[in-house]
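I opened the model to look up strand pairing, helix packing and the chain contact. My notes follow in the order I checked things.

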2 protein chains.
Amino acid sequence: MRTIEWEDGVVVTIDQTKLPHELALLKMKTCEEVAEAIKSMKVRGAPLIGVTAAYGLALTAYHSTARNKQDLLQELKESAETLRRTRPTAVNLSWAIDRVLRKAEEAAEDVKLVAKAVMDEAVRMADEDVEVNRRIGRIGAELINDGDVVLTHCNAGSLATVGYGTALGVIRAAVGQGKRVRVFVTETRPKLQGAKLTAYELKRDGIPVTLITDNAVGYVMYKRMINKVIVGADRIVKDAVINKVGTYEIAALAHENEVPFYVAAPTSSFDLTRTAEDVIIEERSPEEVTYIGSVHVAPEGVDVFNPAFDITPFQYVDAIICEGGILFKPNYEAVLSVYKGR
Amino acid sequence: MRTIEWEDGVVVTIDQTKLPHELALLKMKTCEEVAEAIKSMKVRGAPLIGVTAAYGLALTAYHSTARNKQDLLQELKESAETLRRTRPTAVNLSWAIDRVLRKAEEAAEDVKLVAKAVMDEAVRMADEDVEVNRRIGRIGAELINDGDVVLTHCNAGSLATVGYGTALGVIRAAVGQGKRVRVFVTETRPKLQGAKLTAYELKRDGIPVTLITDNAVGYVMYKRMINKVIVGADRIVKDAVINKVGTYEIAALAHENEVPFYVAAPTSSFDLTRTAEDVIIEERSPEEVTYIGSVHVAPEGVDVFNPAFDITPFQYVDAIICEGGILFKPNYEAVLSVYKGR
């Protein structure tokens, strides 16, 4: 199944906080439930939260009792604000919201047609996401050779998208071409998406995977145990890639050890109106660090700084793989030209 | 109190696996119990496991019923082998064992005098450790300025030593001189010594401390939130510092961000007969990564690579602080000359 589905006024997805031990479905009937799921990271991954937000607006449209277009637009705008407040860093969220709102505004005056336009657009975005990921996979697989050992971070897999995945999509496509690829995945503290989601996905697909702590990245590079890195992105700005915290560390170590560092992301993650300085890096609660499950792993009341993302300047990025092609040694102009051509 | 004490045939220490929530004393009466405590990391930290091993031999000597020197020496050698097998990477362990065995061999023929020589040497080494740490602290404090924000990794504090600490000893000495110092500490996966031990020690001492995940190191450097790094060492060889896994990552990032990277360690951690290539980097059990307390955080049966240490070539080290002085931009000759002069 896809990671998210629309079923007549109900959005069905996987509660990712329950993996890898339980495949629990989460059924959401209101935009508020969708917002809560994004905020609590039951649903996560930049491409997926974009589509999930679109479905949140679709729920508002589906269940609305508004009598005219203007009232429905007002409801949609309120839902949009609720969704925008959930998480600040991944640009796909506002990209998806803006795209759906535009379709609603462009629709005819009939309130039913507005609602239909919103729902159709959400479904279209979900379909597009899978198609874009498959395209990124096909394109990126060129960079992967038979016998490669690839390091990835966090989860940029089918669980981070509607299906197939970005970074893991590239690996899946390479494996699909008959290349033997092994993967090292960081556990990715604090939320452990690498251990809980990426290791799970790859094991399920029969792709050999080895789990390491985030601390072991330097050692596996020093020992030449991996020869490529591929990660996803939450936002690509004029001068940097913003992705899960720890990405910059891996990129700097890859640079130092002359290991190619690749980023796989759809152009819906591009935000070329901003530089890294202008992006809000989400800081999450101390408890994500001080508790693991119910286990308290730090002294009572200790101060914690818990940024969810970090900033990797382009100088550390050997290539960005998007549905428009591969941008080697990316810079603003190159990224802009692919962005405009999408 | 000191982290370890000798009380008439009983070695009393803190069970560090119970911290920070419980200060449980561990009382050991046999060398086997000591070996088990080292292996299971109830006792950890390179200087501390050296002294603990010496006390293990002291327990063998104290409780021995050997009738002559030769028999006692044989028992001590068997205990020594048990201790050596516990953990391979920190050199302090074999340094301490060799030193105690030499004293036993040099002792007079009377078996009681041999036993006394062993016990006296173990107590002397514990006293020395505290004195050496205080000296390292005094010397290293020169490198710390009023207002500094210092990053540390793992625990190189009083809990890693008999008392005072190496890296944290430097910070304590600087604070003792009236300098305002704030500390960022990495949680240090997989065993979380940063979260559980360093945060605890610093909080107890009233030194401001902020806990971060290992993944956030790059971001705090990028944002210039810290301006120095100081860590301990498990072994300093001809060409590199071997320390808790993750150290090399921090050193490479510090280098990239022009943040000074300092290592504080006694000369008992120096091993100038070897290069990094010749040192066994301990690999510990997968369960350290896949379980946190009783919480299972990875898919059943996933492959894990869990090195406990990594290798930081000297090129990333701005200074080594030892009881013999500060070695700026260390190289083999400089390290050797301090080592010989000890």
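I count strands as DSSP runs of E of at least two residues and helices as runs of H or I of at least four, numbered from the N terminus. Strands pair if DSSP finds at least two bridges between them. β4(A) and β5 (residues 182–186) of chain A are parallel and share four bridges. Between β4(A) and β5(A) the chain passes through helix α6 (residues 167–176) of chain A, a right-handed β-α-β crossover. Right-handed here means a clockwise path from the first strand over the helix to the second, with the strands pointing away from the viewer.

This is a predicted model: local features need pLDDT of at least 70 and side-chain atom pairs pLDDT 80 or more, while totals for chains, interfaces and linings use all residues. Residues are numbered from 1 along each chain as its sequence is written, chains are lettered from A and ligands numbered from 1 in written order, and side-chain values use heavy atoms, without hydrogens and water.

I then checked the other partner strand, β7 (residues 228–231) of chain A. It runs parallel to β4(A), with two bridges. There A:Val150 is bridged to A:Lys228.

Is β4(A) buried or exposed on its faces? A:Val149 and A:Leu151 on one side are buried, and so are A:Val150 and A:Thr152 on the other. Buried is under 20% relative accessible area, exposed over 50%, partly exposed in between (1.4 Å probe, protein chains only).

Next I traced an open, mixed sheet of eight strands: β13(A)-β6(B)-β5(B)-β4(B)-β7(B)-β10(B)-β15(B)-β16(B). β13 (303–304) of chain A and β16 (325–328) of chain B are the edges; each has a single partner strand, so one side of each lacks a neighbour in the sheet. β15 (residues 319–322) of chain B runs antiparallel to β16(B), with four bridges. Helix α5 (residues 111–140) of chain B packs on this sheet and touches β10 (261–264), β15 and β16 of chain B. Contact means heavy atoms within 4.5 Å.

Last, the interface. 62 residues of chain A are in contact with 62 of chain B. The buried area is about 4,900 Å², 64% of it from carbon and sulfur atoms. That is accessible area (1.4 Å probe) lost on putting the two parts together, summed over both. I found two salt bridges between chain A and chain B. One definition applies: a side-chain nitrogen of Lys or Arg within 4 Å of a carboxyl oxygen of Asp or Glu. A:Arg189 and B:Glu187 form a salt bridge at 2.6 Å, N to O.

Methods
Axes are lines fitted to C-alpha atoms, for helices over the stretch in contact, and angles run from 0 to 180 degrees between N-to-C directions.
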